[in-house]
Amino acid sequence: MSSPTRSVQPRALRKVAPQLAPKFEQILTTEHDTFVWRIDDYPWVRSLWNFHPEFEIHLIRKSSGTAYVGDYIGDFGPGDVTVIGSNLPHDWVSHIGKDDKISGRDLVVQFDPDKLRQASQHLPEIKRLNSLLTTAQRGLRFSGATAQRAAHLLETIGKFEGLERLIRFLRVLELLADSKECEVLSSPEFAPNVDALTLNTMQRAILHINSHFTEKIQLPDVAAVANMSTNRFSRFFIKNTGRSFTDYVVSLRIGRACRLLSESDKPVIDICYEVGYTNLSNFNRSFLRHVGKSPSAYRKAAHGKRVSTDSQ
């Protein structure tokens with residue numbers, strides 16, 4: 001496959017209610033299956049910040065929200081197709097009410113990449129998938145015609161058994177491996193320690209940040225939530241997210257601002273204060289540095305794109 005570039009789209013926030021502690025997800029296939037195929041409701045017991053050695057192809061069938069893949073934070077919507085590499089933490093959060101439920105939100109395929117690598121020793125045609133397995137280690141999101149075709153193929157897998165089921169699975173992998181319509185999500189620097197204790201600590205810290213980033217949140221406060229000294233937590237956070245605490249908070253604030261600018265008519269100064277800034281000049285500089293244009297220019301472009309899409 002081609003060498004996709006890292007996304008430069010503005011990162012979105014997620015502000016979520018406390019959820020189950022992150023954990024290792026055990027995935028079991030039957031003796032007759034090469035992969036797991038299932039459709040999940042949201043939320044359910046595995047809707048959390050989790051990791052597993054198996055690769056995962058994740059199709060969002062309905063709803064929207066915020067995706068976390070390694071140190072990537074971004075919006076998701078219906079039709080999004082993402083491939084998650086081994087032990088790469090991930091989560092998709094829809095912003096819904098406490099008692100709400102989205103039936104069949106996700107279609108998930110999980111498989112052991114080593115089985116494919118072993119099979120390629122005897123079936124050379126499968127070697128063409130090696131580039132996909134390598135690049136997807138950091139997470140890949142597909143778009144355009146590739147995502148549409150992959151979504152259709154993924155849906156049909158559930159209708160078949162045996163060899164035809166396997167053939168359709170391989171067709172999906174071939175389609176993704178040959179596509180240029182993709183972006184790498186997590187940064188090269190993101191190399192988390194994925195033991196349960198580390199993930200549990202990270203989850204507590206991230207949930208606290210995501211619940212308070214529009215306020216005057218400070219590093220010592222979050223370090224206390226993680227039961228660490230400020231210096232130790234700072235090093236811990238950088239190691240496990242690939243970015244500083246300050247950069248992380250700014251990304252959440254700018255992501256929220258992008259959403260408000262594109263989805264509402266609130267004045268820029270109101271959005272500035274709503275996302276946690278106390279000075280409009282600082283907000284404008286930060287927005288320009290991260291997004292590449294001013295808040296007003298971003299809003300104009302976003303509204304223009306929406307009008308163009310609606311007219312099609």
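1. Start with Phe111. Leaving out residues up to four places away in sequence, Phe111 touches Thr34, Phe35, Glu54, Phe55, Ile57, Leu116, Leu133, Phe169 and Leu173; contact here is heavy atoms within 4.5 Å. Before going on, note that this is a predicted model, where local features need pLDDT of at least 70, side-chain atom pairs count only at pLDDT 80 or more, and totals for chains, interfaces and linings use all residues. Residues are numbered from 1 along each chain as its sequence is written, and side-chain values use heavy atoms, with hydrogens and water left out.

2. On the cores: Phe111 and Ile57 have the most contacts inside the largest nonpolar core, a set of 31 residues. A nonpolar core is a set of buried Ala, Val, Leu, Ile, Met, Phe, Trp, Tyr and Cys residues joined through side-chain atoms within 4.5 Å. Buried means under 20% relative accessible area, exposed over 50%, and partly exposed in between, with a 1.4 Å probe and protein chains only. At least two residues of this core come from each of β4 (55–60), β7 (81–84), β9 (102–111), α2 (130–135), β10 (140–142), α3 (144–157), α4 (162–178) and β11 (182–184). Another core lies apart from it, with 23 residues, among them Ile206, Ala223, Tyr248 and Leu252.

3. For the overall picture, the protein has eleven helices and eleven strands. These are DSSP runs numbered from the N terminus, helices being H or I with at least four residues and strands E with at least two. Of the 312 residues, 49% are buried. Take contacts between residues at least 6 apart in sequence, and 75% of them join residues at least 24 apart.

4. Now the open sheet. Its six strands come in the order β2-β9-β4-β7-β10-β11, with antiparallel pairing; two strands pair if DSSP finds at least two bridges between them. β2 (35–42) and β11 stand at the edges with a single partner strand each, so one side of each is left without a neighbour in the sheet. Ignoring direction, neighbouring strands are turned by 20 degrees against each other on average. Axes are lines fitted to C-alpha atoms, for helices over the stretch in contact, and angles run from 0 to 180 degrees between N-to-C directions.

5. Inside that sheet, β7 and β10 run antiparallel and are joined by three bridges. Thr82 stands opposite Arg141 in β10. Helix α4 packs on the sheet, where it touches β2, β4, β7, β9 and β10, and its direction makes about 80 degrees with that of β2.

6. Strand β5 (residues 65–69) pairs with β8 in the antiparallel sense over four bridges, and Ala67 has Trp92 as its bridge partner.

7. Follow the chain into the loop between β8 and β9 and you reach Ser94. Ser94 is buried, at a relative accessible area of 4%. Its side chain makes a polar contact of 2.9 Å with that of Arg105. A polar contact is a pair of N or O atoms within 3.5 Å; within protein, one must be able to donate a hydrogen and the other to accept it, and residues adjacent in sequence count only if both atoms are side-chain atoms. Outside the four places either side in sequence, Ser94 is in contact with Tyr42, Ser63, Ser64, Gly65, Phe76, Ile102 and Arg105.

8. Some backbone details to check. The peptide bond from Tyr42 to Pro43 is cis, with omega near -5 degrees, and Pro43 lies in the loop between β2 and β3 (50–51). Trp44 is in the loop between β2 and β3 too, and is partly exposed at 32% relative accessibility. Ser63, in the loop between β4 and β5, has a positive phi near 80 degrees and is partly exposed at 22%. Asn227 has a positive phi near 60 degrees, sits in the loop between α6 (219–225) and α7 (230–241), and counts as exposed at 64%.

9. Last, the cysteines. A search of the whole structure for disulfides finds zero, a disulfide being a pair of cysteine sulfur atoms within 2.5 Å. Cys258 is buried at 4% relative accessible area, and Cys272 is buried at 0%.
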